[in-house]
Amino acid sequence: MRGEPSCPKCGGRVRAPGLFADSWQCDVHGTVYPLQPVVPPSVEGLGVVVHRAQVPVWMPWPLPVGWLFSGIAAAGDDRSGGRATAVACSGPGPFGGPGELMLIAEELGVGLGARYAGIDGPDPGPNMCVNKPPHAKVLAAGRPTALWHVGGAPDDRVVFAGEARGLWLWAIVWPEETGLLMYDELVLTDLRDAGAEVDLLPCGALTPRLLA
C-alpha cells in the first residue's frame, strides 16, 4: 500500500507546497488536490475521512444484503480538507459471484472519479449520455438523483455519473452485470450526516480497486 500522497488524476508522484509553489504539484497535471494514502476499511479510519471531508461521503445505507464496506480514499490536504471522496463496497452480485461498487463525490476538475472509471478526465463531460433519459436513479440524502451512463470505460465495469449537492457523483460497478444494482434505486447516505449507526458498519477486506 502506498504511504505517500499521489496525483488523483494519474497516481503519479506529487510535490508538497514549498518555496516555489503554495499548492501540491504533479509534473503532468500541475496543481492538484493530493490523493491521500488509501484507508483500509474500519470505522475509525472512515471517521477520520468523514471529519475532514468538504464533499459528501456517499454510502448505500443500509448496505445491500451481504455487502461490506471495503475501503475509502480522499483527495485533499489538511489545509483544503477532502475535496473528493471514494467509498468502496463489495458483496454478492445479482447473478452470483463477487461485485464491487465505488461511489465518488468530488468538486469539478479534481479527476478522481475519471481515474477510477478508467476514462479521460477530469470530469464525465462529453462521455455522459445526457441526450437520453437517465439510466439510473438513486436517492441521495433524501433527494431523487438522476445518473447517466458514462461511455469510454473499460469493459470490466459500468460507470454512471450525475450531480448531487452541487458536486459530481460517480457510481462505478464491477463487473458490468453487477450494474443491475443501480436500477434498484439505491438509497445513499452522506456519512457526514450519519449518526451512531455507522459504528455498526460491517467491514470487509480492502479492495485493490482503490489502489489502481
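## Core, cysteines and a surface patch

Phe-95 sits in the loop that links strand E6 (81-92) to strand E7 (98-106); helices (H or I, at least four residues) and strands (E, at least two) are DSSP runs, numbered from the N terminus. This is a predicted model, in which local features need pLDDT of at least 70 and side-chain atom pairs count only at pLDDT 80 or more, while totals for chains, interfaces and linings use all residues. Residues are numbered from 1 along each chain as its sequence is written, and side-chain values use heavy atoms, with hydrogens and water left out.

Phe-95, Leu-180 and Tyr-183 make a nonpolar patch of about 350 Å². Patch members have over 30% relative accessible area and no salt bridge, with like charges joined within 9 Å and nonpolar side chains (Val, Leu, Ile, Met, Phe, Trp, Tyr) within 5 Å. A salt bridge here is a side-chain nitrogen of Lys or Arg within 4 Å of a carboxyl oxygen of Asp or Glu. Areas come from the Shrake-Rupley method with a 1.4 Å probe, and for residues only the protein chains shown count as cover.

The table gives relative accessibility for some residues in this report, where buried means under 20%, exposed over 50%, and partly exposed in between (1.4 Å probe, protein chains only).

| Residue | Relative accessibility | Class |
|---|---|---|
| Phe-95 | 64% | exposed |
| Tyr-183 | 49% | partly exposed |
| Cys-10 | 39% | partly exposed |
| Phe-160 | 1% | buried |
| Cys-89 | 1% | buried |

Tyr-183 also brings us to the aromatic rings. The structure holds 1 aromatic pair. Phe-160 and Tyr-183 have ring centres 6.2 Å apart and planes at 85 degrees, so the pair is edge-to-face. Rings of Phe, Tyr and Trp (its six-membered ring) pair if their centres lie within 6.5 Å; planes under 30 degrees apart count as stacked, over 60 as edge-to-face and the rest as tilted. Because Phe-160 lies in strand E10 (residues 158-164) and Tyr-183 in the loop between strand E11 (167-174) and strand E12 (187-190), the pair ties together parts that are 23 residues apart in sequence.

The largest nonpolar core has 36 residues, and Leu-46 and Met-182 have the most contacts inside it. Such a core is a set of buried Ala, Val, Leu, Ile, Met, Phe, Trp, Tyr and Cys residues joined through side-chain atoms within 4.5 Å. E11 supplies the largest share of this core, 4 residues.

Finally, the cysteines: a search of the whole structure finds 0 disulfides, a disulfide being a pair of cysteine sulfur atoms within 2.5 Å. For Cys-10, the nearest cysteine sulfur is that of Cys-7, 3.7 Å away.
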